[in-house]
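Hi,

Here is the structure I promised to pass on, together with my notes on what turned up in it. Have a look at it first, and then read on below.

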Amino acid sequence: MCGGEMDMIDVTAAVIARGGRVLLCQRPQGKRRAGLWEFPGGKAEPGETLQMCLARECREELGIDLRVGRALACITCEGLRITFFAAQLKQGEPQLLEHSALAWVTPEQARAYALCPSDAQMLAQTAPDALLTQEYTEDNVSEKMEEKP
């Protein structure tokens, strides 16, 4: 979806929707961009698909299992290629394992938060309905997140 330079670092982000709201996470003190809000996710490890990366990162940082859907957007920023995926909670409730705060907000409310630049850019170019309409079919859901190729 995103293409671009070969030396870019692949990063994933989950747009987790529930009840007309999406989950934002506040970056913790001591981390780059501390205090800013973001969609949860992280850097892909060697041998991981982007969907596997997203599932692992959300399990580690929030204690949740996700159902990962289609890619919503891809943003390049500061040497990173960030792919935003539609997602829904499969198991668990988000916990503060890594972040300072969590917020369930409407897409319109999210735009008023102090967001990381790539998250703000994704929100600016994606229609609010696209963030909340998340269809899951066999074609766009990775059910075997734990298996590596």
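Strand 1 (residues 9-18) is mostly covered, with seven of its ten residues buried. Buried here means under 20% relative accessible area, exposed means over 50%, and partly exposed is in between (1.4 Å probe, protein chains only). Helices (H or I, at least four residues) and strands (E, at least two) are DSSP runs, numbered from the N terminus.

Before you go further, please keep in mind that this is a predicted model, where local features need pLDDT of at least 70 and side-chain atom pairs count only at pLDDT 80 or more, while totals for chains, interfaces and linings use all residues. Residues are numbered from 1 along each chain as its sequence is written, and side-chain values use heavy atoms, with hydrogens and water left out.

Back to strand 1 and its neighbours. Two strands count as paired if DSSP finds at least two bridges between them. Strand 1 runs parallel to strand 6 (residues 80-91), and eight bridges join them; Asp-10 has Arg-81 as its bridge partner in strand 6. With strand 4 (residues 41-43) the pairing is antiparallel, over three bridges, and Ala-13 is partnered there by Gly-41. Strand 2 (residues 21-26) also pairs with strand 1 in the antiparallel sense, over two bridges, with Ala-17 opposite Val-22. These two strands form a hairpin with two residues between them, and Gly-19 in that hairpin takes a positive phi near 55°.

Is Ala-14 buried or exposed? Ala-14 counts as buried because its relative accessibility is 0%. Leaving out residues up to four places away in sequence, Ala-14 touches Phe-39, Pro-40, Leu-54, Cys-58, Leu-66, Phe-85 and Ala-87, where contact means heavy atoms within 4.5 Å. Leu-54 is 40 residues away along the chain, yet the C-alpha atoms of Ala-14 and Leu-54 are separated by 6.9 Å.

Next comes helix 1 (50-62). Helix 1 has 13 residues and spans 18 Å from its first C-alpha to its last, close to the 18 Å expected at 1.5 Å a residue; the expected span is 1.5 Å times one less than the number of residues. Its buried residues are Met-52, Cys-53, Leu-54, Ala-55, Arg-56, Glu-57, Cys-58, Glu-61 and Leu-62. Their cover includes strand 1, strand 2, strand 4, strand 5 (65-77), strand 6 and strand 7 (101-105). Just after helix 1, Gly-63 has a positive phi of about 70°.

Strand 7 runs antiparallel to strand 2, joined by five bridges, and Leu-102 stands opposite Cys-25.

Now the largest pocket, which has a volume of about 640 Å³. It is lined by 27 residues, and the closest to its centre are Val-11, Arg-27, Glu-38, Lys-43 and Leu-80. On a 1 Å grid over the protein atoms alone, a pocket is an open set of points where a 1.4 Å probe fits, with protein on both sides within 12 Å along at least five of seven lines, and lining residues have an atom within 4 Å of a point. Grid points are joined across faces, edges and corners, and the volume is the space filled by probe spheres set on the points. Strand 1, strand 4, helix 1, strand 6 and helix 3 (117-125) each supply at least two lining residues. By class, the lining has ten nonpolar, five polar and twelve charged residues. Nonpolar covers Ala, Val, Leu, Ile, Met, Phe, Trp, Tyr, Cys and Pro, charged covers Asp, Glu, Lys and Arg, and the others, Gly among them, are polar.

Two loop residues deserve a look too. Arg-33 has a positive phi of about 60° although it is not a glycine, and is found in the loop between strand 2 and strand 3 (37-38). Glu-78, in the loop between strand 5 and strand 6, is likewise not a glycine and has a positive phi near 50°.

Finally, the protein chain as a whole has four helices and seven strands, and 46% of its 149 residues count as buried.

Best wishes
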